[in-house]
There are 2 protein chains.
Amino acid sequence: MSTIIDVAESSNPHVNEKAALIASPQKPGGWKKGIAIMDFILRLGAIASSLGASITMATSDQTLPFFTQFFQFEASYDSFSTFQFFVIAMAFVGGYLVLSLPFSIVTVIRPHATGPRLFLIILDTVFLTLATSCGASAAAIVYLAHNGNQDANWLAICNQFGDFCAQTSGAVVSSFVAVVVLLLLIVLSSLALGRH
Amino acid sequence: MSTIIDVAESSNPHVNEKAALIASPQKPGGWKKGIAIMDFILRLGAIASSLGASITMATSDQTLPFFTQFFQFEASYDSFSTFQFFVIAMAFVGGYLVLSLPFSIVTVIRPHATGPRLFLIILDTVFLTLATSCGASAAAIVYLAHNGNQDANWLAICNQFGDFCAQTSGAVVSSFVAVVVLLLLIVLSSLALGRH
């Protein structure tokens, strides 16, 4: 059997694409579908960890049992502008990941479509940067709260506010889980995009 | 003119690829070459800003002109472990970017090769995360140095150490320039990878 392609007459590239599709093996996108399904599952994990981080940080609040006449000792995420940024940014990342689920489903249904995958890679990279920046800045403050800094004369506050410190540290760890999963999502998507 | 391709005999996909190449327009990779050249130029900018950030932070050091009998007031990047991390991580990012230049040149010479581009996207994403994390954590500390925190009783040190604060702030800004350029590099590379 031989196929005749008239090159001079059909400069339309779709015809040639169709010819290439006919010639290729019957199930070409098996592993791409596998990557798309893994993408969807990892995305669910990233949603859980990012929203979990945001909620954990937002509910961190500790009031010490003793107080003076004029002042009650209280620590909450409101006290640190970095933690406020953390709550807002992680909520944004979680919201984006929820909204990206339909696009992930599209790549499961049509593993060869490059459009949705490209869209996901670019937006994933932007939100990876957002998640990393808020996670790292919160980590810097948590480190200071635990250890303090002698040269700047900043004292560690975790001796007094132990529960507050534990809760914010947990939120930071959860945000780093989201960062690692997002990194993995980008690597998987670009592998699926690059190999044919 | 008509080309005859024997499909039954040649299940080799390269033959079909060649047929598609013949049928496509004469200069198919013009814009991909343009993206590869832009990638190279942006990479040079990212090298300058990341190494500049590292060196600026590493040379930040201020000794106050007054001292007591037992103590001399001095601030340097050594005082803050976050700034030490910043110096090391930005130097790593700069070193990676220098080593990635040959791969960028390969994409200029062969705009259709997906291997080097894929390699660059994945490693760029990893080093984007590293650069963002050290830039954001240093920004959190610089913010504290400027504004302090009343609830934790951490006083602003920028009143005393003005030059030190200015220099570290400059290093943070320079690291954010590197982050933005890396983000742009990933978006450009994935566009070149996704569109055929």
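Predicted model: local features only at pLDDT ≥ 70, side-chain atom pairs only at ≥ 80, totals over all residues.
Let me start with one tryptophan, B:W154, which, leaving aside residues up to four places away in sequence, touches A:F80, A:I141, A:L144, A:A145, A:W154, A:L155 and A:I157 of chain A, and also B:L144, B:G148 and B:N149 of chain B.

Where does B:W154 stand in the largest nonpolar core? That core has 89 residues, and B:W154 and A:W154 are those with the most contacts inside it. The elements that give two or more residues to this core are α2, α3, α4 and α5 of chain A, together with α2, α3, α4 and α5 of chain B, and the largest share, twelve residues, comes from α5(A). Apart from this core lies another, of six residues, and among them are A:L118, A:I121, A:L193 and B:L193. As general background, nonpolar side chains tend to be buried together in soluble globular proteins.

Let me now step back to chain A as a whole. Chain A has five helices and three strands, and if you read along the sequence, they follow the pattern β-α-α-β-β-α-α-α. Of its 196 residues, 47% count as buried. If we take the contacts in chain A between residues at least 6 apart in sequence, 77% of them join residues at least 24 apart.

I would like to finish with two single residues. Not counting residues up to four places away in sequence, A:S189 touches A:D39, A:R117 and A:I121.

The other topic is B:N153, which lies in the loop between α4 (114-147) and α5 (162-194) of chain B. B:N153 counts as exposed, at 58% relative accessibility, because exposed means over 50%. Along the chain B:N153 and B:A48 are 105 residues apart, and their C-alpha atoms are separated by 38 Å.

Key:
Residues numbered from 1 in each chain as written. Chains lettered and ligands numbered in written order. Heavy atoms only, no water. Helix = DSSP H or I, 4+ residues; strand = E, 2+ residues; numbered from the N terminus. Buried < 20%, exposed > 50% of the residue type's maximum accessible area, 1.4 Å probe, protein only. Core = buried A, V, L, I, M, F, W, Y, C linked by side-chain atoms within 4.5 Å. Contact = heavy atoms within 4.5 Å.
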